[in-house]
Amino acid sequence: MPLDFTGNSNDQRFRRKPPPDYLARRTQYRIFALVGSLFLVFFLMEQARKPENWRWIWTAGGVQAPVEVDVDTRLRPPGSNEGGDRVSPLLISPEGEASLPAATEPDAEHAVRPAPARQAVGAPKPETSEPVRTARHDLWSRLLESLGDDQRTEFLSGLKAARDKQALPAAAIPAWTQIIEHLESGWQSYVHKAFLAVGQDTAGLTDAEKQSWLQVIETLKRDWQDDVQPALQAVGTGRPLEPRLQMIVDDVQRTLDQVFLDAVRDNTVFRNAEKDAWFRMLEQLDQRDLSVLQRQSTGYAGFLQLYKQPAAYRGKLVTIAGTIRMGYYREAPENLYGIRGYYVFWLRPAGAKSPIVVYCLEIPDGFPDVAKLERDGERPQLDEEAEFTGFFFKRWAYRAQDDTRLAPLVLAKSPRWERPPDTGDAADRAASPWFWTAVFGGTGAFGIGLAAIFFWLTRRSQPRDVPLQIEILERADSKP
C-alpha cells in the first residue's frame, strides 16, 4: 500500500464521527425529547413527595381495599341480616335535625339487648384472668343499674375529678359517702349470691371447677376490701390520691368504659343510654395528642369493614381517609365531661359510594370554618381530602333523601389535612401576563441552554496535521 505524504491518511483510525447537524429536524426532535424527559423527571419527583400517593403500599395487605363494592345501606326491618334488634323511629337528618319528638326514643331500661357477659355457673373451668375480668365487668354493670340518675351522675363526676387529679368539692362529699355505702351493699350482695350459686349448683360441677369459681368470688371480695373501697374513700376526702390508689380508680374507669360500650346499639340513632360511652370517648380524644392517637390506631379501615363488622371495631381506634363532602357544627348537650361541641363531617371514603360520618372536636388552621358558613346561611358543602383517626362508635341510622340509611360513625379529635397550594381569592384569579412570560421565557432559556451544553459536549475538534517526519508507516502485507 503506497505511503501518503500529503498528511491526509485514509486510515480509519484517524477518522472521527462528524458532529450532529443541529439544524436537522431529527436532531431537534431528539433534543426536545431529552428536555421533555427532564421535565417528566421533575414532575415525578414532585408527585413522589406526596404521602397520599404512597398510601396504597400500607393498605395493600388487605387493611383497606382500594376499591369497595357498593352495598345497600337502607335500614332493614328487624330480623334481617343488616337490621338490628330494635330500630328507633327517631331519625336524624344529615343536617343534624330530629324528625320526630324525643319521646319516641326507646326506653333504655326496657330495650332489647343481648345477654350481658355474665359468668355461667355451669361453664367449664376458665382461665385465671378472664373469669375475674368478666365477673368484674358484670358486677359493675349491675352496680351502675342500681344507682339512680342523680347518684350515677355524682359517681361519674367523682371519678372524673380523680382522673383530672382534682379535689372533690366539699358540697359533693356527703353524697359521695352515701354512694360508697350503696356500692358496698351491692358488692357484698353480688358476692354472697354468687357464692350460693356455686355452692348449691346442681349442674354437676366437679370439685376442681367449684374451687376455681370460688377463687374468682374470693378475688372479687378482696377487690372491694383491699382496693376499690379504700380508693373510693380517698376520693371523698378531697385530697389528691396516692399513685397506687390513682391506678385503682383508673382501672375502675376502664371497666366502666367497657360497661358503657355494652349499651351501644347498631342501626339506631343516638340513645340516652349511650351518652356515657359517647362522651367518654370524646374526653379521651380531647386529652390525647393527635400523634399519639395515630400511633395507637389499629390501622386503616374501609367503609365495608366498619359497616359489616361494627361489633368488632366498636371502641377501637381506627384511621379512615377520603373526601369531606359536607360539614357543620353542633353544640353538645350538657355533660360532666367538659365537651362543648363538635364538628360533623360527611366523609366519602376512596372507592366507596356511601359516607362515613365523623364527629370531631377540632379543625386545623386554614380549614373551612363550617360553623361560620352555616351561620351565614350558606350550605357548608366541602371538597377536602382528609384523614381521621378516632374511635368507631356504631352503625348509625340517619334520614337520607330517598330512605332511612345506615352509616359508620367515628369520633375523632381533628382531621389530618394539608392546605391546598392555592387557596382563597388567589386560586380564582387568572394568572398575570408576567407569570406566563416568566414560564415560557424560563422554559425557552432552559431549552436553549441545554442545547448549548449538548453542542459543546459533542462539538468536533479540528484534526491535527501529521508531520512527514512522524507519519505512521503502514505495513504492507507481505509473506515471509
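Okay, so let's start with Glu 274 and Lys 394, which form a salt bridge, with their closest N and O atoms 3.1 Å apart. Glu 274 sits in the loop between α7 (243–262) and α8, while Lys 394 is in strand β4, so this pair ties together parts that are 120 residues apart in sequence. Keep in mind, by the way, that this is a predicted model.

Let's move to another pair. The side chains of Arg 152 and Asp 276 also meet in a salt bridge, and here the N to O distance is 2.7 Å. You'll find Arg 152 in helix α4, residues 149–163, and Asp 276 in helix α8, residues 275–287, so again we have a link between distant parts of the chain, 124 residues apart. Asp 276 is buried, with a relative accessible area of 6%. Arg 152 has 23%, and the cut-off for buried is under 20%, so Arg 152 is called partly exposed.

How covered are they? Arg 325 is at 37% relative accessibility, which makes it partly exposed. Asp 383, at 54%, counts as exposed.

How many salt bridges does the structure hold? There are 18. Some residues join up in a network of salt bridges: Lys 160, Arg 163, Asp 164, Asp 257, Arg 280 and Glu 283.

Okay, strands next. Which strands does β1 pair with? On one hand there's β4, residues 381–399, running antiparallel to β1 and joined to it by 9 bridges. On the other there's β2, residues 341–349, also antiparallel to β1 and also joined by 9 bridges. To see this for yourself, pick Thr 323 and look for its bridge partner in β4, which is Glu 385. For the β2 pairing, look at Arg 330, which stands opposite Tyr 342.

The structure holds 1 cavity of 30 Å³ or more, and the volume of the largest cavity is about 60 Å³. What lines it? Among the lining residues are Ala 162, Lys 165, Gln 166, Leu 168, Val 235 and Arg 239. Sorted by class, the lining has 6 nonpolar residues, 1 polar and 2 charged.

At 15% relative accessibility, Ser 297 counts as buried. And what does its side chain sit beside? A polar atom of the Ser 297 side chain lies 3.1 Å from the backbone nitrogen of Gly 299.

Terms used
Residues are numbered from 1 along each chain as its sequence is written. This is a predicted model: local features need pLDDT of at least 70, side-chain atom pairs count only at pLDDT 80 or more; totals for chains, interfaces and linings use all residues. Side-chain values use heavy atoms; hydrogens and water are left out. On a 1 Å grid over the protein atoms alone, a cavity is a set of points where a 1.4 Å probe fits but cannot get out, and a pocket is an open set with protein on both sides within 12 Å along at least five of seven lines; lining residues have an atom within 4 Å of a point. Grid points are joined across faces, edges and corners, and a volume is the space filled by probe spheres set on the points. Ala, Val, Leu, Ile, Met, Phe, Trp, Tyr, Cys and Pro count as nonpolar, Asp, Glu, Lys and Arg as charged, and the others, Gly among them, as polar. Two strands pair if DSSP finds at least two bridges between them. Helices (H or I, at least four residues) and strands (E, at least two) are DSSP runs, numbered from the N terminus. A salt bridge is a side-chain nitrogen of Lys or Arg within 4 Å of a carboxyl oxygen of Asp or Glu. Buried means under 20% relative accessible area, exposed over 50%, partly exposed in between (1.4 Å probe, protein chains only). A polar contact is a pair of N or O atoms within 3.5 Å; within protein, one must be able to donate a hydrogen and the other to accept it, and residues adjacent in sequence count only if both atoms are side-chain atoms.
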